[in-house]
Amino acid sequence: MSSIKSTILGFPRMGSDRQLKKLVEGFWAGKVTSAELVEGSKKLRAEHWALQVSHGLSEVPVGDFSYYDQVLDAAFAVGVIPERYQQLDSAGTQAYFAMARGLQDKSINADVPSLEMKKWFDTNYHYMVPEISDNQQFTLHSTKVVDEFSEAKALGYTARPVVLGPVSLLALSKAAKGASSKPISHLSKLIPVYVELFTKLAAAGAEWVQVDEPVLSLDLDAAVYKPAFSQAYTELSKISGLKFLLTSYFDRLGSNLDWAAALPVHGIHLDLVRGAADLDEALEKIPADKVIFAGLINGRNIWKANLEKQLAVLQKIVEARKSAAPVWVSSSCSLLHSPHSLKPEAGHLDEEMLGWLSFAEEKIEEVAILAAAAVDRSVVDAKLKSNAEKVASRQTSERITRPAVQQRLASLDRTFYERKAPFGERQKLQRTALNLPLFPTTTIGSFPQTAEVRKARAQFRKGALSKDEYNEFLDSETRKCIEWQDEVGLDVLVHGEFERTDMVEFFGENLEGFVFTKKGWVQSYGSRCVKSPVIFGDVSRPHAMTVDVARFAQGCSKNKPVKGMLTGPVTILQWSFVRDDQPRSQTAGQIALAIRDEVVDLEAGGIKVIQVDEPAIREGLPLRKDDYAAYLAWSVDVFRLATTGVRNETQVHTHFCYSDFNEIFTAIKSLDADVITIENSKSDLKLLGALETHGYTAEIGPGLYDIHSPRVPSVEEMAARFAALQKYIPAENLWANPDCGLKTRGWPEVKESLENLVAVAVAARKSHAA
């Protein structure tokens with residue numbers, strides 16, 4: 001048998017110690033020069049390519065690196081730069097980072113918001129949404145991918161450029177404000193720019209180009225997308241000397257497989273982790289002259305692969321294709337969604353746990369082992385046996401199962417999922433209990449995690465601060481935060497969350513069934529990384545987690561309610577690496593019971609407003625509509641299980657952000673929360689369409705400004721947004737708040753922004769009274 005080649009679809013770009021984060025944030029702060037950013041990034045790419053080759057990959061992906069986001073890179077490359085940024089320098093990084101973060105610079109008279117941000121399919125990665133105008137012109141504005149291919153080639157690597165495909169780029173874009181045309185209608189004008197880019201890649205010596213078309217994992221309108229794909233790839237196939245790998249991931253191709261398999265490309269990647277159901281049909285329908293790239297190693301979770309199981313799948317493919325084009329072994333998707341390496345975890349995690357896990361570096365080795373084993377098992381037999389032992393260890397470990405937890409969840413009846421009275425009755429009681437003004441103001445939860453906060457936390461962890469000294473520091477920060485909110489005129493306060501590094505990590509550290517890595521960072525958006533918990537076993541709450549802090553914070557306010565702040569079960573699930581040996585719904589139910597116990601204890605501690613955040617509930621929605629109903633049923637159930645143990649007088653809030661809500665708005669209503677706060681500012685008030693279509697009778701706070709940008713919104717800007725909301729939402733149900741938590745912002749911009757927000761609410765009250 002000829003050799004089977006091995007590759008991955010992409011590699012984490014941040015670096016083993018988040019070097020890219022430090023470079024980019026240093027550049028934004030003026031501490032890193034443009035030349036240092038370029039050279040530091042070049043060094044990081046070279047390290048990543050060397051690592052991949054050292055583990056035996058046949059070919060490395062290039063172009064997967066980005067300063068901020070790969071979709072933004074693709075849009076920038078083809079000249080999709082909205083008019084508001086065109087006054088800025090687009091030859092360097094000024095316009096690029098303004099599109100990513102917004103820019104407020106009086107010295108050049110610039111004040112522009114960023115592009116909209118959305119979740120990347122059903123992951124916790126966020127991408128920037130390109131805007132396509134009616135008169136959109138496309139030009140080859142950046143040759144970044146060509147330059148990076150040439151870099152890799154000069155270092156002696158066999159490299160494959162990675163480019164977001166033209167159809168997916170337009171499908172993931174939105175019409176610019178005021179535009180009447182759909183982005184996909186501009187495909188004919190875009191294709192020649194892709195031809196120009198790919199021609200340059202061919203001239204630079206590229207053999208294969210990986211063209212990512214992840215929208216193929218969605219339910220597509222075949223009448224629109226079948227001819228669109230055919231048009232695009234028919235034109236691309238005319239480029240001499242270049243082979244195209246059509247790549248999709250995150251789910252099955254499903255009904256799109258028929259026509260995707262017939263496209264004039266040279267290879268097709270199959271996600272055989274999440275799209276394994278496609279395999280038999282794919283083997284039948286993919287022509288013999290096309291290379292199958294078998295995505296057998298999970299790029300989105302951290303469990304060691306069962307290599308014997310995946311080897312059997314690979315051998316099935318090889319046998320079915322023995323007279324066809326070669327087979328490649330690959331990751332199921334880019335490893336962007338996995339931490340960098342397990343090496344830093346030695347000595348931090350115990351040996352048994354380490355044996356169960358596989359991060360990006362280890363996944364590369366798994367890909368290479370499979371490719372080698374399919375040709376000559378004896379070469380890697382010892383590695384296969386070691387893998388089988390580790391997989392068996394996890395399956396039989398006594399650490400996994402807690403019978404009492406499973407029995408408690410199984411014994412629940414429907415009364416645990418219902419509030420004691422309908423919303424209308426609760427609202428009257430809550431108004432009396434809380435005595436809030438019209439258009440009450442609040443924030444979403446966190447306040448700035450300053451250098452002082454991070455320093456104190458680091459000192460505490462190193463033992464340089466005692467527990468009492470650290471708690472005294474946290475109390476001081478909380479008191480100052482409460483007093484400032486009180487002074488500025490906010491109505492429902494928060495304690496600031498200074499004790500929390502992350503809204504999921506904090507709870508995982510206080511729940512059983514979780515472990516935490518030392519450097520298991522994964523990019524969420526831009527330079528923002530999260531260190532996701534690992535849920536390895538049954539989940540329970542051994543003790544109260546937030547009650548003492550909430551009671552202290554409430555005691556710092558003279559007469560205003562302070563919210564108890566919790567993260568909801570679906571978000572804890574979605575933003576963790578989750579065990580794969582039981583249904584996700586069962587794990588979510590266990591988390592919900594733990595949060596329910598905390599909610600009840602907060603109420604008993606005198607907390608009258610409790611927020612259970614669920615920013616990831618839309619993120620967890622399956623990509624295929626056939627799968628929606630089952631997910632929404634259990635995700636609504638676990639939220640209600642977490643929140644229905646309180647009295648009618650206790651006001652339950654929840655929060656959602658950066659997603660399309662139309663598809664789940666009925667489910668949002670079914671959560672039966674008293675108040676929802678929801679992202680709104682970056683999405684051009686699209687929420688209003690959902691409200692108009694579905695109606696909403698409970699209280700709601702659509703965000704008035706974007707917290708992911710450092711710019712300060714004016715009173716006039718927020719007032720216009722708030723006025724638009726009042727046309728759709730009854731005054732007695734409308735709240736004023738930012739889009740999201742303020743953790744990543746600085747105190748000066750937070751103070752000015754919230755002062756402006758309070759001014760908007762005060763003016764609206766006066767206007768309404770008049």
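Colleague: Which residues of S22 point the opposite way from Gln651, His653 and His655?

Modeller: Keep in mind that this is a predicted model. In a regular strand the side chains alternate between the two faces of the sheet. Gln651, His653 and His655 share one direction from S22, and the residues pointing the other way, also buried, are Val652, Thr654 and Phe656.

Colleague: Is strand S22 largely enclosed or largely open?

Modeller: Buried here means under 20% relative accessible area. Six of the six residues of S22, residues 651–656, are buried, so the rest of the structure leaves this strand largely enclosed.

Colleague: Which residue of S23 is the bridge partner of His653?

Modeller: S22 has a parallel pairing with S21 over three bridges, where Gln611 stands opposite His653. The chain gets from S21 to S22 through helix H23, in a right-handed β-α-β crossover. S22 also runs parallel to S23, residues 675–678, joined by four bridges. There, the partner of His653 is Val675.

Colleague: Are H15 and H22 roughly parallel or roughly perpendicular?

Modeller: The axes of H15 and H22 are 10 Å apart, and the helices pack at an angle of about 90 degrees. Angles of 65 to 115 degrees count as roughly perpendicular. H15 is therefore, relative to H22, roughly perpendicular.

Colleague: How many charged residues does the contact of H15 with H22 have?

Modeller: Residues of H15 including Arg408 meet residues of H22, among them Asp597. By class, the contact has three nonpolar and four polar residues, and the charged ones number two.

Conventions. Residues are numbered from 1 along each chain as its sequence is written. This is a predicted model: local features need pLDDT of at least 70, side-chain atom pairs count only at pLDDT 80 or more; totals for chains, interfaces and linings use all residues. Side-chain values use heavy atoms; hydrogens and water are left out. Buried means under 20% relative accessible area, exposed over 50%, partly exposed in between (1.4 Å probe, protein chains only). Helices (H or I, at least four residues) and strands (E, at least two) are DSSP runs, numbered from the N terminus. Two strands pair if DSSP finds at least two bridges between them. A crossover is right-handed if, with the strands pointing away from the viewer, the path from the first strand over the helix to the second runs clockwise. Axes are lines fitted to C-alpha atoms, for helices over the stretch in contact, and angles run from 0 to 180 degrees between N-to-C directions. Angles under 35 degrees count as roughly parallel, over 145 as roughly antiparallel, 65 to 115 as roughly perpendicular and the rest as oblique. Contact means heavy atoms within 4.5 Å. Ala, Val, Leu, Ile, Met, Phe, Trp, Tyr, Cys and Pro count as nonpolar, Asp, Glu, Lys and Arg as charged, and the others, Gly among them, as polar.
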